[in-house]
Amino acid sequence: MSVVEFADVVVTYDGYPALAGVSARVESGQIVLVRGENGAGKSTLLRTIAGLMPIERGSARVLGHDVASDRQSVRARIGMLSHRNGLFLELTARDNVEFWARCVGATTSDVDDALDRMRLGRELSSTLVSRLSAGQRRRVALASLVVRRAELWLLDEPHSGLDEQSRADLDAVLGDASRAGATIIVASHDTDRVAKFAHSTITLVTGRTVGS
Amino acid sequence: MKRVNVLGIARMIARKDLKVEWRGRVLVNQVLPFAALVMVMFAFALDGDDLLQRAASGLAWMATVLSMFVVISRSFLVDTEDGALDAMRTAGLDMRGVYVGKSMALFLQLLVLNVVLIALSLLLYHVSLTFESAVLLVAIVVCATAGLAFVGVLYGGLAALSKGRETLLPLLVLPVVAPVVIGAARATESAYGTAGARVGEGWPWVGLLFVFAVAFAIAGLLSFPSLIEE
């Protein structure tokens with residue numbers, strides 16, 4: 001079953017064609033690498049899948065819904081990690097993960113599990129996010145994503161700011177989520193790393209897909 | 001995934017905002033001292049018991065409105081500084097729940113602020129209360145605070161996503177809350193018995209404050225999601 005079906009999708013941003021005719025198909029349970037130079041449209045593609053960008057032309061279906069007309073149904077089933085972590089800086093790491101856990105009715109043990117998966121022990125998880133390093137904040141954001149158990153994960157440069165151990169932890173989390181049935185789309189410059197476990201690749205050049 | 005309904009989201013958001021306040025103590029350590037200072041400065045500026053007693057009700061509500069901007073700005077700063085509001089939007093959280101939750105948290109914080117300011121105005125401006133006037137005062141504080149909270153969150157959300165939000169917020173909010181300030185000040189005059197005003201004269205103003213609060217609650221529920229989305 002196709003989770004993402006894009007046909008000749010055009011998205012403009014401030015008059016500039018950020019996506020200039022993207023066609024792509026992503027199957028359920030796959031891990032897909034989105035690669036391309038800076039400004040190629042990787043982040044825009046993820047944001048379009050999430051229903052955050054107005055589609056000017058073409059057809060875009062995500063999880064069976066038309067993104068242009070039914071974005072709320074799409075958003076309820078995705079988890080997105082963008083350049084910003086989306087955290088409440090004046091709450092602790094645990095508070096942040098618990099907030100997202102409550103959104104989906106997850107339990108305290110799910111929160112503990114997500115924190116453990118991202119190696120956020122008792123001391124780190126009870127620290128205010130504003131006092132954590134950039135890499136630690138990224139791990140909190142990933143734990144917040146893990147606890148939501150989304151069907152479709154959209155990750156924009158998820159490895160950035162992480163040390164080698166945390167990168168390996170993230171790879172393991174992505175592998176587990178994929179095996180559990182989640183579909184994962186990763187936009188990354190760290191192509192060698194992601195390509196090792198990705199099932200397919202979407203390559204973007206100036207807003208166009210050139211291979212899949 | 002099990003989704004949480006609007007009221008569930010409202011509870012989560014209110015709890016989160018109050019937790020942020022509890023950890024940061026900005027209301028207690030910064031806003032309350034600022035508001036108290038404004039009240040004291042008014043007392044110095046309007047030196048004279050007669051003048052002070054006549055102006056007491058208006059001064060208390062003006063101090064509330066000025067302090068409210070700090071609380072609203074902080075409430076939305078927490079949600080926007082690392083993109084949490086965007087994350088909530090992307091996750092498909094019902095923004096009506098976010099509106100109600102933030103309004104509940106702002107209402108509780110402004111309630112604390114108002115209770116302190118009213119108590120301070122009674123002390124500083126030498127006003128005494130009867131039982132009937134105290135009941136009126138409670139009704140005024142609840143209705144006016146609800147109105148301020150609903151307006152504050154609606155326009156706070158709009159300003160939060162704009163450039164120059166610190167200056168934009170007062171420009172947007174002050175004209176809209178003018179009826180609340182006027183209504184609350186007039187009703188409080190009746191509660192304080194300023195210039196021979198009777199308690200009974202304050203209740204129609206409470207009615208106005210109630211209608212204002214309900215109108216903005218409905219307007220906020222209808223428009224906040226599209227404001228955040230756009």
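Which residues line the largest cavity? Hold that thought for a minute, everyone.

First, some ground rules. This is a predicted model, where local features need pLDDT of at least 70 and side-chain atom pairs count only at pLDDT 80 or more, while totals for chains, interfaces and linings use all residues. Residues are numbered from 1 along each chain as its sequence is written, chains are lettered from A and ligands numbered from 1 in the order written, and side-chain values use heavy atoms, leaving out hydrogens and water.

Okay, back to the cavity. By cavity I mean a set of points, on a 1 Å grid over the protein atoms alone, where a 1.4 Å probe fits but cannot get out; lining residues have an atom within 4 Å of a point. Volumes are the space filled by probe spheres set on the points, which are joined across faces, edges and corners. There are five cavities of 30 Å³ or more, and the largest has a volume of about 110 Å³. Its lining is B:Lys16, B:Asp17, B:Val20, B:Glu21, B:Val26, B:Leu27, B:Val31, B:Val71, B:Arg74, B:Ser75, B:Val78 and B:Gln109. The elements giving two or more residues to that lining are α1 (6-24), α2 (26-45) and α3 (49-80) of chain B. Helices here are DSSP runs of H or I with at least four residues, and strands are runs of E with at least two, numbered from the N terminus.

Now, how do the two chains meet? The contact (heavy atoms within 4.5 Å) takes 30 residues from chain A and 28 from chain B. Together they bury about 2700 Å², 57% of it on carbon and sulfur atoms; that's the accessible area, with a 1.4 Å probe, lost on putting the two parts together, summed over both.

There are six salt bridges between chain A and chain B, meaning a side-chain nitrogen of Lys or Arg within 4 Å of a carboxyl oxygen of Asp or Glu. A:Arg84, for instance, forms a salt bridge with B:Asp86, with the closest N and O atoms 3.9 Å apart. On the chain A side, α2 (71-75), β6 (78-81) and α3 (93-103) each give two or more residues, and α3(A) has the largest share, five residues.

Last stop: the largest pocket, with about 330 Å³ of space. A pocket is an open set of points with protein on both sides within 12 Å along at least five of seven lines. Of its 22 lining residues, A:Met80, A:Leu81, A:Ser82, A:Arg84 and B:Gly83 are closest to its centre. So that's A:Arg84 again, the salt-bridge partner of B:Asp86.
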